Structures are given as structure tokens and as C-alpha cells.
Amino acid sequence: MPFTFTVPRRVYYLLFGITSQLFALHQLKQLTGNSWTIRNFTDNVSFHQNEIIANTDSHSRSPSRMIFFCYCDKSSTGTLVHSFIPALNKISEITPITTHSIKTQNAKDDMGGVFCEDEVERLVAESERLSVAASGIKSRFLIEVMYNHKFDQDCHKRRNLNITTKVLEPWSRGAHLVPFPQEINTRSIYDWGEVFHRNTKNKKCNIGNTKTLNTYRSKGGLTQVQNETCHMLHLPTIIFWAQGIHRKRRKDLGTNETLKEMLTHRLTYEEAKQELKNKTAFCGLVTFTTWKPMYAIDALVRHALCRLLTMQYKPCDALAQWKGEGALRNYPNTTPSDTYKVQKNHKFIISMANEFLDGYLVEKMIHPYLANSIAVSATPNLGNYINDKRPVICSVPQKDLEYVNQWKADGGKAFMPFNTTPEQWKNDETIKPIPFVLDQDEPLLDFIANAWKEALQPCIDEIIRLDKDDESYIAKLREPFVTDFENGLFDGTYVGLSLLNWLSHVNSPVTSGIEGIIQELGMIS
């Protein structure tokens, strides 16, 4: 008869707690070496707060810290869900905080799921039961409840939680707590999240020129209103796109490749050499148009680079819909999930985003890597997010971008004549904007190529060097997209640390007493 040994439940939970703390410390040690840190959340949030405690006992042990995220699984929340849930999972992994993501009932179409508050109450009650079973003492509960923006509209009306509470001292500033939930909102195509209190949801951050978002982590890019009511949480859409590309790629290839395997794969020397041998084209630009009014002026840099490479060296191919210089080859239509399929023949792919913001990363960065080509980017501080040894990185000074931006008129629907100057516009009322027409874009292309030639020349020279030096090209081609998957952008670490730092900055009870742990985890600089 096999020998069995029963561990008393109280001892089991004590050992579990010690093991969890040791694991958390191990994770801290693993994460401290990161090259990026989260800091400078200097916005001055001012909300009235109360600490929520479930059946508080004066002899209670350390508090149970819990974050709940209630969301409707709709297409409009896709970016949020794919960015935020992994972050919450990471928080549970590396801190004493327990996190729960709750897919909630959709009241309109009855899609299934549960009502948020019912599940929160059930999970708190279960934690309380386990606490009593383990120690005979009811735990204190420090709770944060977050909802996706428009939760009331898409899911169901929120209600106060039926949890016995004892109000301690009110806060003069800090994060929301039950029954004042926080809302997490994604911000359009710019891939930033917005955190704001339920009672101030009609006072959203006045973004103005989205260019200010490149300092979203510091006071410098915020207006006074933003300092008082808002905080920008970075939820990079590239996380969402990477997962979508991965799912389609697995389906198309019929493999069990993981996201980590996809993004960290490194070619052997012989594989990279063969890929180079298979290349039949020099450079490609994948974009459907030269210009749209919604674009920042930055979006024209990719066209200037394509034109300059064609003029100085070799033709740079483009989509059939785009009119440019040189012998253009037609691309078949693709989706953002499989563009890499039409990039395989090109040695270089111009993959610049519509706007050059620190941390603004889009699917365009992933496709050249999967096509075994070299991406050409202009995103600032790219090495804070992916392996910056993989792409060629261009840089156009802000003053040069602003110079060209002067010619933009009528909300981006037109441009001032390129053979005139801002001084002339002031003195000659007969000079009028000319509406932008795609098949009449030659003057615009000539203008931007001349305006940014000097700034782009180092980038052009590097592309030409790599094109002529096979060994240098092979070495760059062998670099993985990311080198540290577990502690980076795609496993929840980046967003998770950002949220932890913000909760600590606004004195949330959930992070009270573990500020040292959060500080050791690292901050995004």
C-alpha cells in the first residue's frame, strides 16, 4: 500500500505563500536587467478615494490584493483586450497581486458570459473562504475594479458591489476603487490607452496634436487639464497585430509555432545565405496611397525615401495604387495579417508608420521579418521595444518635418503651391491651396524628396552599403525580431509594469506596501 502524507490546509497555504514570495523575488531578479524602465508618470490625478476592506479584522494578516478587469469581448475592444489581459497575467506572476479578467454578459445580444459584479463578489467570497480555512482569520481585501470604456453601453449597467466594507481615511488623490470604477479606453489608431475615472469620463484628455504623445509618460506633453484628470497608458497595437498575424500564419502553414517561436526565430548562416540568394528585387514600399488628410506629415517620409533610393541607386518598388518614380512592379492585394507573403522577393522593405512616435509600433514592422527581408523604420527609440539590430533605422529631425508641414492646408486635404513660400502667402492673397489628387502627386514627391534629402542620406547610404556587402546583410538578416520575449513587449511585461507604476504613483491601496517590489521590477524611461 503506497504511503500517503496529508499536509494540513493551514500549513499548505503558509507554504504556498512563502513559495509565491520566493517566486516573485526570482522574477524580480530576472526582470531587473531590462533596458527600459517605467517612470515619470507625473500627471496630478485628483480623485476622492476610499480603501475597501472586506470584513476587516484587527488581527487580520497581510491584505489580499486583487485587480478585476471586466470587459465585453467586442471588436471595438480587441486592441485593449489583447494588450491588457496579458499585462494582468504578468502582474499576477511577478507580484503578490491577484488579477482576474472577466468576460461579461452582453445585455444586447446575449452572447454568454457572466455579470461582472456577480463574478467579483464570488471571487472575493472564495478568497475569503480560503483565508479562513487556512488561518482562521478573515483577510483584508484591497480591490481595484476596471472596465472597458463604454462598458455600460456594450455590456450591462454597472452596480455597486455587495461587499461588507469599512471606510478608513479618505484619499485626497489616487486611483479609483469600488464603487468608483476605472475605465480603460483605447485611443483610435494611435495605439495609446487612456485611463480615466468614471465621474470624469466626459473630461477626456484633450490630445490636440497627437505629436505630444511622444512624451506621454512625462508632464511635458500634457496640458493642465490632462495633468489633473488623465493618464496615458501605452497599449501598443503591435501586440494585437502580432497575435493576429501569428494565428493566420499558423493556419496557413499548418504548424504549432508559438508566438515566442515566431518572434525569436534566428536563421542559421546557411539559411540566411539562401534567403539572400532567393531575392530578386531591391526595395519595396507597401502602402496604398501617397497621402491622406488623417496622416501626420511623417507619413510622407517613406515616399521621399523610396523616391531618393530610386533616383540615387536602384528602383524601389511600390503598390500599383501608388504613383512614384522608376519601374514599378504591381503587388497583389494583401491584408495586414499576411503582407509578408508579397515581400519575400525584396531585400529591403520600407515599413515606416504613419507617425513617428516613441512606442508607436504597427504591423508593418513584423512583416519584413517574417518575409526574411530587412525593414526600414523611423520609429524613435526602437530598441526599447524590439531588437533594433534587425531593421535599418532612419531619422528625420522634427524641425525638418515641421518645415514641410507648413505647406499642408485645409486640414490636410490640400497643399500650398510648392514653388511658393510661407512669407509669400502672407503678402499675396492670390496664392491658394491646391487640393491633393493622387494621380497628380509628382510635385509633392519632388518637394519632399528635396526637403528631406540631407536628413535621409545616412539612411540611404546604409541601405546601399548593406545591398553591396553580402556578409553584413546576412548578419543583419539573422537577427531575431525580439531577443527577450519573456520580459518585453509581447508577454505583458511592458503594459503590466506601466499599470503597476501608475497605481503606485496614485497611491492605490492595491500597491500600498509593495512599492519597493514595483520599483525593483524596473521602469520605462
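Modeller: Buried residues make up 54% of the 525 residues in the protein. The model is predicted.

Biologist: What makes a residue count as buried?

Modeller: A relative accessible area under 20%. So 54% of the residues fall under that cut-off.

Biologist: What share of the accessible surface belongs to carbon and sulfur atoms?

Modeller: The surface comes to about 24,000 Å², and 51% of that belongs to those atoms.

Biologist: How many helices and strands are there?

Modeller: The protein has 16 helices and 14 strands.

Biologist: How do you know that E12 and E13 pair?

Modeller: Pairing needs at least two bridges. Two bridges join E12 to E13 (residues 414-415), so the pair qualifies. The two strands run antiparallel. Ala409 has Ala414 in E13 as its bridge partner.

Biologist: Why are E12 and E14 called edge strands?

Modeller: The open sheet has the order E12-E13-E14. E12 (408-409) and E14 (434-435) each have a single partner strand, so one side of each lacks a neighbour in the sheet.

Biologist: Which residues of H8 and H14 are in contact?

Modeller: Contact means heavy atoms within 4.5 Å. On H8, Tyr269, Ala272, Lys273, Glu275 and Leu276 meet Asp470, Glu471, Tyr473, Ile474 and Leu477 of H14. By class, that contact has six nonpolar, no polar and four charged residues.

Biologist: How do the axes of H8 and H14 cross?

Modeller: H8 (residues 269-278) and H14 (residues 470-477) have axes that come within 9 Å and cross at roughly 115 degrees. The crossing is right-handed.

Key: Residues numbered from 1 in each chain as written. Predicted model: local features only at pLDDT ≥ 70, side-chain atom pairs only at ≥ 80, totals over all residues. Heavy atoms only, no water. Axes fitted to C-alpha atoms, helices over the stretch in contact; angles between N-to-C directions. Helix = DSSP H or I, 4+ residues; strand = E, 2+ residues; numbered from the N terminus. Left-handed = near helix turned anticlockwise from the far one by under 90°. Nonpolar A, V, L, I, M, F, W, Y, C, P; charged D, E, K, R; others polar. Buried < 20%, exposed > 50% of the residue type's maximum accessible area, 1.4 Å probe, protein only. Areas by Shrake-Rupley, 256 points an atom, 1.4 Å probe, with all protein chains shown as cover.
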